[in-house]
Amino acid sequence: MNLIKSLITVIIVLSTVVVNAQHKIPLIDLISNLENKYEIKFSYSVDDVNTIMVDQPDTSAKLAEIIEHLNATTLLDFKFLTERYITISSLNKTISICGNVLIENSGTPLFGASVIVNNTTNGAVSSESGAFVLHNVPINASVIISFLGFETVRINAIDLWDFQSCETIILKEKSELLNQVLITKFLTTGLQKRIDGSTVLNTETFGILPGLIEPDILQSIQALPGVESVNESIANINVRGGTNDQNLILWDNIKMYHSGHFFGLISAYNPYLTEHVVVTKNGTSSEFSDGVSSTVNMSTKDEVNSNFSGGFGANLLHADAFFEIPISKSLALHVSGRRSFTDVFSSPTYDKYFERSFQDSELTTNDATINESSQSSDFSFYDYTAKLLFDLGDKHKFRANVIGINNNLDYTETFTNTNDETESKTSNLIQENLGFGGNWFAQWNTKFSTELLGYYSKYNVDATDFRVETDQQLVQLNEVLETGVKLKSNYRISKALNLMNGYQFTEVGILNATTVTNPNFNRTKKDVLLNHAFFSELEFNNNSTYFRVGARVNYFQKFSKLLFEPRVNLRQKLSNHFALKLQGEFKNQSATQIIDFQDDFLGVENRRWILANEQNLPISESKQGSFGLEFNKNNFVIDIEGFYKNVDGITVSNQGFYNNFQFINAIGSYNAKGVELLINKTANRYSTWISYTYSSNNYEFATLNPSVFPNNVDIRHSLSMAVNYNILENLQVSIGGIYRSGRPYTVPVEGNETVQNGNNTFVNYDTPNSENLDYFMRLDTSLKYNFKLNSTLRSSLRIGVFNLFNRNNSINRYYEVNPDDNNTTIEIENNSLGLTPNASLRVFF
């Protein structure tokens with residue numbers, strides 16, 4: 001019986017071969033037949049066609065159909081020169097390719113992997129099933145497949161040519177990463193969630209978010225639950241009820257003290273050379289400290305590529321360019337630059353931004369009693385970065401970085417003096433952050449690696465304010481100098497276990513100076529603080545259990561003070577779709593910002609950095625814990641997390657009170673607790689999400705009465721929702737809205753609105769933060785269109801609109817003594833951006 005079965009199988013196979021062979025003929029014979037039948041001529045090299053077998057065409061097929069079939073089924077390029085002459089070549093052949101990208105071990109599809117034809121702009125992103133298709137690919141090209149956290153794969157295009165059975169490409173997660181990517185498309189393409197709960201923004205593959213025309217780093221993270229800005233400023237990002245100075249911002253390991261252009265409306269960091277941004281709200285690695293609310297860690301591209309690439313573009317506020325320049329196989333230079341043209345051209349977007357930024361400054365509220373006075377202002381900003389990359393073999397990498405950020409405001413008043421002479425006085429505000437850094441990474445063997453890095457950061461605000469009404473000149477300076485050195489090592493104990501140890505030294509010096517003429521006054525204060533820190537951390541991941549447990553010990557030499565900071569981050573799978581999360585951390589911060597409304601910079605910038613002195617300015621210390629449940633199935637995510645945070649060592653001057661405590665020195669704390677909920681569904685053509693945060697945030701100052709009252713950023717309810725949809729493969733639209741409770745404010749005592757103190761009159765405020773502004777609501781939308789200019793240039797057009805319905809949202813309210821009646825007050829209202837359109841055009845090569 002077995003012999004009979006074997007004979008039958010052999011007969012079937014042989015029959016199939018014979019049948020197929022009957023349908024296959026030599027291409028050289030087919031060419032001759034076609035030339036005779038259609039009276040045409042082929043031009044070809046005999047070597048190209050001599051050994052190729054092709055299908056016997058249908059006798060009823062048209063010539064164009066036969067040529068199209070030959071193009072699709074052979075590796076030759078058949079091209080009509082005229083109706084009678086056809087060339088056959090193997091040099092310029094392009095093919096269509098396909099593949100399926102899977103994750104090693106699990107075999108699950110990898111959604112959002114970047115698939116690029118090397119040295120071209122032809123590319124795609126893998127779908128929800130991991131599939132991709134590319135057309136017009138040169139036959140001799142190589143295809144690069146990459147994804148953040150995975151090893152890059154390079155494969156020949158010809159190996160992906162078979163559409164009958166698309167090739168499977170396996171991507172391996174980088175062996176050094178235990179903190180793996182958990183969700184590959186989170187809210188939008190280019191946003192991912194790691195297993196430790198942190199969020200990663202990959203700017204190169206970033207999709208679209210409502211209102212945004214660029215992958216603005218600090219605007220984008222506000223899509224995350226628990227992250228928002230109560231006054232629409234990226235210079236005032238509030239993470240779980242904290243203030244902006246409580247966010248540690250790192251750019252290539254350099255600590256940054258300034259984050260925004262246009263005084264907070266635009267991120268100061270060029271996104272196009274920033275490879276990824278990691279945002280951590282809790283359970284931070286012990287490697288980091290000094291930000292008691294969150295850590296925003298930006299890393300630029302770190303690979304030495306052999307191809308020159310870059311891009312340039314412009315929107316209605318600025319123009320920019322970036323370049324990746326290979327110098328040799330082991331040496332490369334990355335540079336970027338951006339400058340506004342707002343001092344030359346005023347767009348509708350600039351007018352809206354200017355009105356929002358300077359609505360409560362001396363630029364718009366100057367003394368109207370000056371005779372024949374006129375004002376003019378010029379505002380501009382720029383930033384630049386450069387990075388030198390050198391690889392010494394495969395084991396050692398050396399990097400050097402520089403970043404510069406600048407905002408410049410000139411304000412000129414022209415007036416007629418008492419002698420009927422025309423005079424002009426100019427005030428100026430310069431805000432800068434300059435950083436230098438370098439690091440050496442060494443992979444000593446498969447288990448042990450080290451990294452040594454150093455950095456220097458300088459921030460300064462320098463203002464010259466000439467006040468015409470008093471003939472007085474005010475010069476102010478706030479300067480921060482920080483240098484740091486860090487050495488860390490990683491030892492891979494096993495595939496699932498890693499041990500990290502390290503040491504960090506930082507020196508921070510802060511200068512505050514004020515000089516006044518008429519009458520003459522001078523005040524200068526400088527503080528320096530040295531900090532030594534040792535940190536250690538154990539990280540484990542066996543695909544069902546992840547934990548990172550560590551500690552950091554800080555020693556402040558000036559105060560002989562030792563601070564111990566434990567950290568924990570745990571995630572436990574309950575099943576294939578459910579997981580529990582537990583996070584906790586202790587952190588400290590020695591440099592904070594005070595807010596002084598009486599001694600500000602032109603009324604535009606009222607915050608200045610100061611250093612703890614452990615007397616009236618203590619080191620801030622935080623304790624935070626969170627617990628949550630996560631559901632993840634078929635790209636549908638439900639994430640709910642409760643948190644509790646206590647920050648001790650804040651001062652009244654940190655908070656910017658508009659109440660009776662404004663001029664009192666007091667030390668206290670705040671407690672924030674709440675629940676964050678995120679529901680997110682992603683697919684090939686769309687992504688939609690709903691985010692809701694409930695939180696309660698209260699101050700406690702033991703020496704004040706009342707001692708407990710709502711925090712300035714106590715937003716009880718915050719809801720956001722959005723939908724992204726791919727109308728076409730190259731056309732995306734996004735629309736979304738924000739709805740949240742109004743922030744607290746303080747009203748004057750009814751019937752007794754002012755109080756006299758000597759020769760001065762002050763607002764007599766009622767119970768602090770006892771009232772709330774009206775709810776805040778805003779709808780935003782964006783459109784993104786990708787297109788190719790030629791085979792090497794690709795381009796994108798983006799259009800975005802903030803506040804589509806032009807809703808008038810109040811973001812702050814306070815009171816001043818009425819200059820016409822000292823017994824009453826006037827209400828000052830700050831409003832959000834109105835309807836604000838913007839558009840950008842970019843070209844990549």
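A residue is called buried here when its relative accessible area is under 20%, and exposed when it is over 50%. The legends below describe close-up views of a predicted model.

**View 1. Helix H6 has a buried side and an exposed side.**
Helix H6 spans residues 348-357. Its buried residues are Thr349, Tyr350, Tyr353, Phe354, Arg356 and Ser357. Look down the axis of H6: these buried residues fall within an arc of 165°, so they line one face of the helix. Now turn to the face pointing away from the buried side. Pro348 and Glu355 sit there, and both are exposed.

**View 2. Helix H4 keeps its buried residues on one side.**
Helix H4 covers residues 63-73. Which residues of H4 are buried? They are Leu63, Ile66, Ile67 and Leu70. Around the axis they cover an arc of only 95°, which puts them on the same side of H4. The face turned away from that buried side carries Ala64, Glu68 and Ala72, which are exposed.

**View 3. Three strands make an open sheet with mixed pairing.**
Read the strand order as E9-E6-E12. Strand E9 (131-138) and strand E12 (167-171) stand at the edges. Each has a single partner strand, so one side of each is left without a neighbour in the sheet. From one strand to the next, the twist averages 35°. Strand E6 (residues 94-103) runs antiparallel to E9, and six bridges join the two. To find your place in this pair, look for glycine 99, which stands opposite phenylalanine 132 in E9.

**View 4. Four antiparallel strands make another open sheet.**
In what order do the four strands lie? The order is E8-E7-E10-E11. The edge strands are E8 (123-125) and E11 (153-156), and each pairs on one side only. On average, neighbouring strands of this sheet are turned by 20° against each other, direction ignored.

**View 5. Strand E7 pairs with E10 and with E8.**
Strand E7 holds residues 114-117, and strand E10 holds residues 142-146. The two run antiparallel and are joined by four bridges. Valine 115 has isoleucine 145 of E10 as its bridge partner. Valine 117 stands opposite valine 143, also in E10. E7 pairs with E8 as well, in the antiparallel sense, over three bridges. Here isoleucine 116 has glycine 123 of E8 as its bridge partner.

**View 6. The largest cavity has a volume of about 530 Å³.**
The model holds 10 cavities of 30 Å³ or more. The largest is lined by 33 residues. Gln219, Gln222, Ala223, Ile738 and Arg778 are the closest to its centre. Several elements give two or more residues to the lining, including helix H5 (217-220), strand E16 (227-228) and strand E42 (686-700). Strand E45 (731-740) and strand E50 (776-788) are also among them. Which strand gives the most? E44 does, with five residues. By type, the lining divides into 17 nonpolar, 11 polar and five charged residues.

**View 7. The second largest cavity has a volume of about 330 Å³.**
This cavity is lined by 26 residues. Asp290, Tyr455, Glu482, Gln504 and Thr506 lie nearest its centre. At least two lining residues come from each of the strands E18 (247-251), E30 (448-467), E31 (472-494), E32 (497-516), E33 (521-541) and E34 (545-556). E32 supplies the largest share, four residues. The lining is made up of 12 nonpolar, eight polar and six charged residues.

**View 8. Tyrosine 459 lies in strand E30.**
Is tyrosine 459 buried or exposed? Its relative accessibility is 2%, so tyrosine 459 counts as buried.

Technical notes. Residues numbered from 1 in each chain as written. Predicted model: local features only at pLDDT ≥ 70, side-chain atom pairs only at ≥ 80, totals over all residues. Heavy atoms only, no water. Pairing = 2+ DSSP bridges. Axes fitted to C-alpha atoms, helices over the stretch in contact; angles between N-to-C directions. 1 Å grid on protein atoms, 1.4 Å probe; cavity = no way out; pocket = protein on both sides within 12 Å on 5 of 7 lines; lining within 4 Å. Points joined across faces, edges and corners; volume = space filled by probe spheres on them. Nonpolar A, V, L, I, M, F, W, Y, C, P; charged D, E, K, R; others polar. Buried < 20%, exposed > 50% of the residue type's maximum accessible area, 1.4 Å probe, protein only. Arc of directions from axis to C-beta.
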